[in-house]
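Please open the structure in your viewer and keep the selection tool at hand.

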Amino acid sequence: MTMARATTSRRSFLGHGYNLVGVVAALVILAWTLVAIFAPYVIPHPIGDIVDDDYFGPMRQGLWLGSDYLGRDMLSRVLMGARYTVGISLAAVSIACFSGVVLGMIAAVTGGWLDTCLSRFLDAMNSIPSKLFGLVVVAAVGSSIPVLILTLAVIYIPGAYRFARALAVNINTMDFITVARVRGESTAYLIGSEILPNIIRPVLADFGLRFVFIVLLLSGLSFLGLGLQPPLADWGALVRENIGGLPFAAPAVIVPSLALASLTISVNLLIDNLPQKIRDRDA
């Protein structure tokens with residue numbers, strides 16, 4: 001009876017099994033995504049307005065998450081911080097995964113000198129510590145939003161390339177690929193119609209993991225003062241600028257930390273609890 005009930009709790013939705021942990025994680029991610037989209041329309045105060053006479057004010061009516069080191073509303077700043085944290089990270093991971101997956105499939109199908117040159121170049125890129133590369137680029141060029149997006153994308157292209165190439169190389173040895181080559185199909189056809197549909201599921205799971213890595217790297221750069229600059233602030237910048245409130249257990253430093261943790265943990269939990277058909281290539 002217990003096994004039957006457990007099986008029922010994972011019954012399919014649209015053909016895929018699911019469980020409560022995955023559903024809750026997906027809802028948290030959806031909530032932060034909606035916040036990122038609609039933040040400018042729901043914040044109670046402009047993010048630069050000083051609305052409290054005290055700094056590091058406590059939670060109370062009208063200031064539901066207290067105030068920061070200047071007396072600004074933390075609820076408004078956290079909601080807008082979600083817009084920058086989620087938006088920049090999503091743009092960067094989209095560029096990184098798209099570029100890495102396309103290059104990986106091209107290298108796997110083409111082989112030869114192109115595969116060798118791409119692999120050696122991206123291996124060299126991958127050998128550079130990500131935080132060091134980000135610090136050098138942002139310190140040299142500046143920390144505008146386009147620079148942050150491109151820098152974060154470049155850092156994670158080599159990993160996405162390696163992952164996609166490893167999957168594509170295995171698919172490229174299958175009999176149906178050989179048949180397609182004998183028919184005279186082009187490289188573009190092999191990539192788009194034969195290889196990509198067979199690797200898309202693990203690639204999507206990898207997309208989620210790299211999103212978490214980029215969120216954490218962006219927050220780390222912002223915490224070091226090389227991310228978004230005032231008056232803009234993502235969650236990492238909010239922690240940095242309110243770090244003085246830590247001895248007082250001020251909501252201004254605790255809340256953005258909890259927001260960052262809730263997003264990254266939820267993405268990890270969602271990936272861990274994805275249906276096997278989506279998570280595993282051979283399912």
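Is Trp 235 buried or exposed? Select Trp 235 in this predicted model: with a relative accessible area of 0%, Trp 235 is buried.

Next, search for aromatic pairs; the whole structure holds three. In one of them, the rings of Trp 32 and Trp 235 have centres 4.8 Å apart and planes at 70°, so the pair is edge-to-face. Select helix H2 for Trp 32 and helix H9 (residues 235-241) for Trp 235; the pair therefore ties together parts that lie 203 residues apart in sequence. Trp 32 is also buried, at a relative accessible area of 15%.

Now select Tyr 156 and Phe 213, an aromatic pair that is stacked, with 6.3 Å from centre to centre and 20° between the planes. Tyr 156 belongs to helix H6 (residues 145-172) and Phe 213 to helix H8 (residues 187-223), so that distant parts of the chain, 57 residues apart, are linked. Tyr 156 counts as buried at 12% relative accessibility, whereas Phe 213 is partly exposed at 39%.

Return to helix H2 (residues 20-42), where Val 42 is found. Show the surface of Val 42 together with residues including Val 23, Leu 27 and Phe 38: they belong to a nonpolar surface patch of about 790 Å².

Then select residues 82-271, where an unreviewed UniProt entry places the feature "domain: ABC transmembrane type-1". This stretch is 83% helix and 0% strand, and its end C-alpha atoms are 21 Å apart.

Finally, select helix H10 (residues 251-272), whose 22 residues reach 31 Å from first C-alpha to last, close to the 32 Å expected. Among its buried residues are Pro 251, Leu 260, Leu 263 and Ile 271.

Methods. Residues numbered from 1 in each chain as written. Predicted model: local features only at pLDDT ≥ 70, side-chain atom pairs only at ≥ 80, totals over all residues. Heavy atoms only, no water. Patch = residues over 30% accessible without salt bridge, like charges linked within 9 Å, V, L, I, M, F, W, Y side chains within 5 Å. Areas by Shrake-Rupley, 256 points an atom, 1.4 Å probe, with all protein chains shown as cover. Salt bridge = Lys/Arg side-chain N within 4 Å of Asp/Glu carboxyl O. Helix = DSSP H or I, 4+ residues; strand = E, 2+ residues; numbered from the N terminus. UniProt positions renumbered as here; feature names shortened; annotations may be inferred. Expected span 1.5 Å × (residues − 1). Buried < 20%, exposed > 50% of the residue type's maximum accessible area, 1.4 Å probe, protein only. Phe/Tyr/Trp six-rings, centres within 6.5 Å; stacked < 30°, edge-to-face > 60°.
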